[in-house]
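Q: I would like to learn how to read a structural model feature by feature. Could you take me through this one, giving the general idea before the particular case?

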Amino acid sequence: MFIQKAWRTASFGLYGFTQFTKSGFLEHAKKFREEDMQIRLDGKNCLVTGANSGIGFATAEGLASHGATVYMLCRNKERGEAALNQIRSKTGNENVHLEICDLSSINEVKSFAAKFSSMDKSLHVLVNNAGLLEHKRETTAEGLELNFAVNVAATYTLTELVMPLLEKAAPDARVITVASGGMYTEPLNKDLQFSEGNFDGTVQYARNKRIQVALTEWWAEKYSSKGVGFYSMHPGWADTPGVAKSLPGFSEKLSGNLRSNDEGADTVLWLALQPKDKLSPGAFYFDRAEAPKHLKFAGTMSSHSQINSIVDSIRSICGLPASG
């Protein structure tokens, strides 16, 4: 077990330093097709979580620049308004709106979903971008471990509750979840709230991101007949405020070779724009291409068989009715 974990960490480090950095992006970008990004999104409704900074901001701005109507879901009203005004003035698109919700509260997520659904609009693109890496164990007012609450519980709850809006936009609708290469270091684990052993925020974050990738597969299968596409992606190692705050040593060490927010968001935007017949349901994407979900000899693949019981646990924790 220990040797396998050490192998996963070492191979992830090597893979990351060659692929996930800015130099990796510039190398991969040589194969990008310009015409892929010339598609317009006029008349399409997009919801982006964690949209006031980093990859979420770059994603919201990118969608707005392609003509979409964008709903930015942010926790902080002041920062959200500043980001909203910046995107409107930069893109000239006035159809950008701010929604306020603290994703660490499942009750707030439910209230937001009810309010958003009452507008009775079709939702073409949902980007589950909001993420958190908190190193010390923190428990929310609802009794959930904080990383799990934001990264997993909120992602699951919001996606399930806006499914009727996504179905209205079928067959063009899609859900894009921003995961992380960190998930390569961890298999799926039923200890969702890290109740066993000494709490490690970085490990918990990686476990959360593994769940997001497995959830995306699960959703793609569950809703295969609904006309909604589900994709997860990895932005690479980007110089976001979140990385600088959560991993200052990492940020410092790779200074100058971290991706920009726009480079990190590039594949999110690409996934939002492509015709769905070009994309693989439930797949994990990196730099506009399908990427492996497991590193060789890492021993994480078999863990995905646990996803059904993990989803049952998440659903029960979030107080959602049994899935059909």
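Q: How much space lies in the largest cavity?

A: The general idea is that rolling a probe the size of a water molecule over the atoms shows where empty space is left. This is a predicted model, and in it about 40 Å³ of space lies in the largest cavity. The structure holds 1 cavity of 30 Å³ or more.

Q: Which residues line the largest cavity, and how does its lining divide by class?

A: The lining is made up of Thr 49, Leu 103, Asn 128, Ala 130, Val 150, Ala 154, Thr 155 and Leu 158. By class, 5 of the lining residues are nonpolar and 3 are polar, while none is charged. Helix α6, which spans residues 146-161, gives the most to this lining, with 4 residues.

Q: Which strands pair with β5, and in what sense?

A: Strand β4 (residues 125-128) pairs with β5 in the parallel sense over 4 bridges, and strand β6 (residues 228-233) pairs with β5, also in the parallel sense, over 6 bridges. To follow these pairings residue by residue, note that Thr 177 of β5 is the bridge partner of Asn 128, a residue that also lines the largest cavity, and that Tyr 231 of β6 is the bridge partner of Ile 176.

Q: What should I look for in the backbone itself, and where is there a cis peptide bond?

A: Most residues other than glycine have a negative phi, and most peptide bonds are trans. Here a cis peptide bond joins Ala 170 and Pro 171, with omega at about 5 degrees, and Pro 171 is found in the loop between α7 (163-168) and β5.

Q: Which phi value does Asp 287 have, and which does Arg 288 have?

A: Asp 287 has a phi near 50 degrees, a positive value in a residue other than glycine, and Arg 288 likewise has a positive phi, near 65 degrees. Asp 287 lies in the loop between β7 (284-286) and β8 (289-290), and Arg 288 has its place in the loop between β7 and β8 as well. Asp 287 counts as buried because its relative accessibility is 6%, and Arg 288 is buried too, with a relative accessible area of 14%.

Q: What is the volume of the second largest pocket, and which residues are the closest to its centre?

A: The second largest pocket has a volume of about 220 Å³. Of the 13 residues that line this pocket, Gln 19, His 28, Phe 286, Asp 287 and Ala 289 are the closest to its centre. The elements that give two or more residues to the lining are α1 (2-19), α2 (22-28) and β8. Its lining residues divide into 6 nonpolar, 2 polar and 5 charged.

Q: Where does Glu 217 lie, and with which residues is it in contact, leaving aside its neighbours within four places in sequence?

A: Glu 217 lies in helix α8 and counts as partly exposed, at 27% relative accessibility. Leaving aside its neighbours within four places in sequence, Glu 217 is in contact with Gly 282, Lys 293 and His 304. Glu 217 and Ile 307 are 90 residues apart in sequence and 9.3 Å apart in space, C-alpha to C-alpha.

Q: How many helices and strands are there in the protein chain?

A: The protein chain has 12 helices and 8 strands, and of its 324 residues 56% count as buried. Among contacts between residues at least 6 apart in sequence, 76% join residues at least 24 apart.

Terms used. Residues numbered from 1 in each chain as written. Predicted model: local features only at pLDDT ≥ 70, side-chain atom pairs only at ≥ 80, totals over all residues. Heavy atoms only, no water. 1 Å grid on protein atoms, 1.4 Å probe; cavity = no way out; pocket = protein on both sides within 12 Å on 5 of 7 lines; lining within 4 Å. Points joined across faces, edges and corners; volume = space filled by probe spheres on them. Nonpolar A, V, L, I, M, F, W, Y, C, P; charged D, E, K, R; others polar. Pairing = 2+ DSSP bridges. Buried < 20%, exposed > 50% of the residue type's maximum accessible area, 1.4 Å probe, protein only. Contact = heavy atoms within 4.5 Å.
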